[in-house]
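Please read them alongside the sequence and the coordinates.

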Amino acid sequence: MIENVLVNKNLSLKARITVKGVIAALTVALAVVLPQLVHIAAGASGGMTYLPMYLPVLLGGCLLGFRWGLGVGIASPLVSFAITSAMGSAMPAAARLPYMIAELAVWAAVSGLFSKKITENAWVAFPAVLIAAVSGRAVFVALAAIFSAVSPLDAATAWAQVQSGFIGLIAQAIVVPFIVIGLRALLVKNDGRA
C-alpha cells in the first residue's frame, strides 16, 4: 500500500526505500514495545493471550507489502529477543524464538501479498489479516509437530498456545483492518486520489 502511494507521488527509488525503511523500523520498534506494555498490564500470560507482537507485524505486511513485511516479521522477534535478553528476561523465550520467527514471517508475508489490493479496496484488509493469521498459526503447529523430537515444543503444546491466543487473534482480526482502512484513507486522501 505504501509503495503505491509513494510511486504516485513520483518519489525517487532512494526516497521510497528510505520511507519504507523508517516505517519498517518503527513497526519493529512497536513490536518490541507493545509486548512489554501488555506484560506490564496483563501479566506474563498476556503475551500468549493477546499476541501483541503480531499486531505490528500484520500492519507491516499490509502497509509495506510482501518483501518488507517479511523483513518486519523476521526482525521483530529477533530484535525483541536481543533487547529483552540483554535486560535479563528474553521475550520470546529462546525455545520459542525459531517458531515465532517462522510464524511471524508467514503472518507478515501473507498479509503483505494483499498490500496492492488493499490500496484499491481497503476492505481487503479483513481477509488479508484472517488468511495471514490462519496461515501463520498453521505453520506454527506444523513446525512444532515436525520438530517435536528435538524441541521442547510439540504439536499439542503449540495447539494449546493457539487456543489461548484466540482472543488476541479475534481482536486483531477486527482492529488491524480498521487501522489499515484509516491509514489508507489518510494516505489516499493526501495522495490526491480520494
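Are Tyr-54 and Trp-107 buried or exposed? The answer is in point 2.

1. Basis. The model is predicted: local features need pLDDT of at least 70, side-chain atom pairs count only at pLDDT 80 or more, and totals for chains, interfaces and linings use all residues. Residues are numbered from 1 along each chain as its sequence is written, and side-chain values use heavy atoms, with hydrogens and water left out.

2. Tyr-54 and Trp-107. Both Tyr-54 and Trp-107 are buried (buried is under 20% relative accessible area, exposed over 50%, partly exposed in between, with a 1.4 Å probe and protein chains only). The aromatic pairs number five, where rings of Phe, Tyr and Trp (its six-membered ring) pair if their centres lie within 6.5 Å, and planes under 30 degrees apart count as stacked, over 60 as edge-to-face and the rest as tilted. Tyr-54 and Trp-107 make an edge-to-face pair, with 4.7 Å centre to centre and 65° between the planes. Tyr-54 belongs to helix α4 and Trp-107 to helix α5, so the pair links parts of the chain 53 residues apart (helices are DSSP runs of H or I, at least four residues, numbered from the N terminus).

3. α4 and α5. The axes of helix α4 (residues 54-86) and helix α5 (residues 97-113) come within 8 Å and cross at roughly 170°; axes are lines fitted to C-alpha atoms over the stretch in contact, and angles run from 0 to 180 degrees between N-to-C directions. The two helices are therefore roughly antiparallel, a term for angles over 145 degrees. Their contact has 19 nonpolar, six polar and one charged residues (Ala, Val, Leu, Ile, Met, Phe, Trp, Tyr, Cys and Pro count as nonpolar, Asp, Glu, Lys and Arg as charged, the others, Gly among them, as polar).

4. Aromatic cluster. Trp-123, Phe-126 and Phe-178 form one aromatic cluster. Trp-123 is exposed at 52% relative accessibility, whereas Phe-126 is partly exposed at 21%.

5. Ser-151. Ser-151 sits in the loop between α7 (125-146) and α8 (155-164). Its relative accessibility is 17%, so Ser-151 counts as buried. The Ser-151 side chain reaches the backbone nitrogen of Leu-153 at 3.1 Å.

6. α8. Ala-158, Gln-161 and Val-162 are the buried residues of α8. They lie on the same side of α8, because they cover an arc of only 105° around the axis; the arc is that of the directions from the helix axis to the C-beta atoms.

Technical notes: Polar contact = N/O pair within 3.5 Å; in protein donor to acceptor, adjacent residues only side chain to side chain. Parallel < 35°, antiparallel > 145°, perpendicular 65-115°, else oblique.
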